Amino acid sequence: AWFAARDASRAAERGASAAAAAAAARETGEGAALLRKAKQMRMNTESRRAVFCVVMGAEDFADALDGLTRLPLAETQQREIPRVLLECCLQETAYNPYYETLAAKLCERAPKKHRLALQLCVWDHVREVAPSAAEGRDDAAGSRRRVEKPSVRRVAHLARFVAGALVSGALAPSALKVVDFGGSEVDGAGSRAAARLFRRLLLQALLGVSKAKAPKARAVFQTLAEKGLGRGGELGATRASLERALADEAFVTQGLSRAKEDAGKSDCAANVREAARQAGRILRGELA
């Protein structure tokens with residue numbers, strides 16, 4: 001069985017290599033540049049390079065979605081798709097909703113293949129940005145890992161990606177259970193400042209959605225309220241810490257525009273403050 005699995009994996013790697021070469025051969029100059037960029041971003045397997053070439057060489061998310069579904073990847077290699085997507089998103093100079101939309105469409109088309117892999121990938125990045133106190137003790141008991149301080153850009157992109165995935169349904173609201181809104185993360189290598197920034201930007205992205213997406217954002221808080229009821233609730237600690245964070249209006253609205261000309265925007269300070277109050281009432285069970 002082991003030899004059969006190894007042969008299948010090697011065959012899948014060869015198929016992925018051929019797919020990457022085919023994607024790169026569409027346009028010789030652009031294809032070579034994509035392969036060089038993939039190596040620079042440490043896409044160190046054929047499957048990752050194939051996914052990278054399809055994602056970055058596509059005309060739009062529909063073209064990328066078709067290309068990804070045609071890749072001859074084994075079941076274990078399918079897990080690389082969300083990881084490549086998120087890494088590309090975090091390395092962009094400015095946030096690009098293309099990756100968020102593509103991830104949502106992938107989870108919509110094949111939820112069993114991609115939804116759990118996306119959640120685990122997001123959790124890995126969240127733990128790098130905001131390690132919990134328990135994880136810090138575990139590291140201290142053994143040998144603490146030296147993790148580079150995350151850049152503000154990566155933290156901001158991760159917050160917006162997670163918020164968008166929650167609103168679109170690509171991530172379940174229960175995925176927020178790894179986010180410590182109470183702020184008890186360990187203080188090391190700038191983790192406390194990065195964690196605070198991540199929590200604030202995540203809340204602002206969830207609360208400052210457009211009117212069309214507002215019902216879906218409220219549904220996220222409604223699910224957290226329902227699953228966090230009582231001491232034995234699955235998300236009781238998350239609901240309680242999130243409720244306290246939403247009550248701190250100065251924290252939630254920090255850095256947002258208070259200018260009169262921006263009063264009509266969904267992500268201005270006044271609108272985010274009102275959305276935070278409504279979300280708090282939902283978590284307390286005062287609003288259905």
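Student: Which helices do the buried residues of H6 pack against?

Tutor: In this predicted model, the buried residues of H6 pack against helix H3 (46-57), helix H4 (61-70), helix H5 (80-91), helix H7 (111-129) and H9. The buried residues in question are Tyr98, Tyr99, Glu100, Leu102, Ala103, Ala104, Leu106 and Cys107.

Student: Why is the pair formed by Tyr98 and Tyr99 called edge-to-face?

Tutor: A pair of aromatic rings is described by the distance of the centres and the angle of the planes. Ring centres must lie within 6.5 Å to pair, and planes over 60 degrees apart count as edge-to-face. The centres of the Tyr98 and Tyr99 rings are 5.1 Å apart and their planes stand at 70 degrees, so the pair is edge-to-face. By this rule the model has 1 aromatic pair, and both Tyr98 and Tyr99 are buried.

Student: What puts the buried residues of H4 on the same side of that helix?

Tutor: Those residues are Ala64, Leu65, Gly67 and Leu68. They cover an arc of only 165 degrees around the axis, and therefore lie on the same side of H4. As a general point, an α-helix has 3.6 residues a turn, so residues three or four places apart point the same way. The buried residues of H4 pack against H3, H5 and H6.

Student: Which residues touch the most other members of the largest nonpolar core?

Tutor: That core has 79 residues, and those touching the most other members are Leu68, Leu102, Phe161, Phe198, Leu202, Phe221 and Leu246. Helix H9 (residues 152-168) gives the most to this core, with 9 residues. Leaving aside residues up to four places away in sequence, Phe198 touches Val126, Val129, Val155, Leu158, Ala159 and Val179.

Student: Why are Cys53 and Cys121 called buried?

Tutor: Buried means under 20% relative accessible area. Cys53 has 3%, so Cys53 is buried; Cys121 has 1%, and therefore also counts as buried. As for disulfides, which require cysteine sulfur atoms within 2.5 Å, the count comes to 0.

Student: What makes Lys227 partly exposed?

Tutor: Lys227 has 38%, so Lys227 is partly exposed. Lys227 lies in helix H11 (residues 214-227). The C-alpha atoms of Lys227 and Ser174 are separated by 8.5 Å, although these residues are 53 residues apart along the chain.

Notes. Residues numbered from 1 in each chain as written. Predicted model: local features only at pLDDT ≥ 70, side-chain atom pairs only at ≥ 80, totals over all residues. Heavy atoms only, no water. Buried < 20%, exposed > 50% of the residue type's maximum accessible area, 1.4 Å probe, protein only. Core = buried A, V, L, I, M, F, W, Y, C linked by side-chain atoms within 4.5 Å. Helix = DSSP H or I, 4+ residues; strand = E, 2+ residues; numbered from the N terminus. Contact = heavy atoms within 4.5 Å. Phe/Tyr/Trp six-rings, centres within 6.5 Å; stacked < 30°, edge-to-face > 60°. Arc of directions from axis to C-beta.
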